[in-house]
Amino acid sequence: ATLGMLPNEIEAERHSGTLPIALAEANIAMLFATNCWGDMWRNRRGLADNDFPSDLFARDGRTAAEWGYQFLADPAFAQLLGVELPATIQLDKVYAIGLGEGGRAVGELLTVDSNGDGVPDHTPAGVIVDSSPDDLGVYYDDPSLNGNTIAGLNRIFPDGGGDTDIASLANAPLPARTGYIYSTGDDQIPYEAHRPASTRLLEEPTMWQYVATDSRHVLLNDDLELAREAVGYLQDGSVPGPGPGLPVGADGADEETGS
């Protein structure tokens, strides 16, 4: 789907493969971590378990995210698991990009601190998140409207809403090159889910927000110009333009649309 090789099943979410094109143009090799666990990249057995009594199986989305990153950032780890990459990786130029719910994988990756010393285990040179439900607490704020969603989230986060903000970009240790892309008109995600991360990034001059106002969900993979700007930002840190809208929570932003 990310490569633009499958039909688009969600009208507002268009995948024509512009992000992989932009990365290939910049001679950046790509590793696509796949996650069939339905856990928003949260769970890793023994470390961040799902509600096993309800699911009757262990979800391992965070394992997929971590291993995918480690294959690139740690040659010894790849060799240990018998993985031989078809490219030579520049270890100081490993990036993480998440589209849609894949953005949750980026936050989970950044917050892993396995020995509890306060130093993140994984430190990509730059990250970009596009149209991710970053603040899941918004769903818990309205249980009458989001009852089914909350029931699903509780199977991923057995301790309830208090755990959902751990991997939010509003709280994660972020690299200086952090891009946050979304549309305030995206009806797949409550606009308030962007507020904490968006507000934080407003205070960081090296970080980039691109805010659209239409109904698109995932912008980078059907807009070649925007994808090229994103890739250039990861490479050299030059902050591109902000987009047609204002970040949610910015002075002058409309509370309903962010524009």
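The questions and answers below concern this model, which is predicted.

Me: How are helix H3 and helix H5 oriented to each other, roughly parallel or roughly perpendicular?

Reply: Helix H3 (residues 61–73) packs with helix H5 (residues 102–111) at an angle of about 70°, and their axes lie 9 Å apart. The contact is made by Arg62, Ala65, Glu66 and Tyr69 on the H3 side and by Ala105, Glu108 and Leu109 on the H5 side. Because angles of 65 to 115 degrees count in this class, the two helices H3 and H5 are roughly perpendicular.

Me: Which element gives the most residues to the lining of the second largest pocket?

Reply: The second largest pocket holds about 170 Å³ of space, and 14 residues line it, with Leu47, Arg62, Val112, Asp113 and Ser114 nearest its centre. By class, this lining has three nonpolar, four polar and seven charged residues. The elements that give two or more residues to it are H3 and H5, and the one that gives the most, with three residues, is H3.

Me: Is Val218, in the loop between strand E4 and helix H9, buried or exposed?

Reply: Most residues other than glycine have a negative phi. Val218, however, has a positive phi near 80°, and it lies in the loop between strand E4 (208–212) and helix H9 (224–236). Because its relative accessible area is 2% and the cut-off is under 20%, Val218 counts as buried.

Me: What is the phi of Trp41?

Reply: Trp41 is found in the loop between helix H1 (18–25) and helix H2 (52–55), and at 12% relative accessibility this residue counts as buried. Its phi is positive although Trp41 is a residue other than glycine, with a value near 65°.

Note on methods: Residues are numbered from 1 along each chain as its sequence is written. This is a predicted model: local features need pLDDT of at least 70, side-chain atom pairs count only at pLDDT 80 or more; totals for chains, interfaces and linings use all residues. Side-chain values use heavy atoms; hydrogens and water are left out. Axes are lines fitted to C-alpha atoms, for helices over the stretch in contact, and angles run from 0 to 180 degrees between N-to-C directions. Helices (H or I, at least four residues) and strands (E, at least two) are DSSP runs, numbered from the N terminus. Angles under 35 degrees count as roughly parallel, over 145 as roughly antiparallel, 65 to 115 as roughly perpendicular and the rest as oblique. Contact means heavy atoms within 4.5 Å. On a 1 Å grid over the protein atoms alone, a cavity is a set of points where a 1.4 Å probe fits but cannot get out, and a pocket is an open set with protein on both sides within 12 Å along at least five of seven lines; lining residues have an atom within 4 Å of a point. Grid points are joined across faces, edges and corners, and a volume is the space filled by probe spheres set on the points. Ala, Val, Leu, Ile, Met, Phe, Trp, Tyr, Cys and Pro count as nonpolar, Asp, Glu, Lys and Arg as charged, and the others, Gly among them, as polar. Buried means under 20% relative accessible area, exposed over 50%, partly exposed in between (1.4 Å probe, protein chains only).
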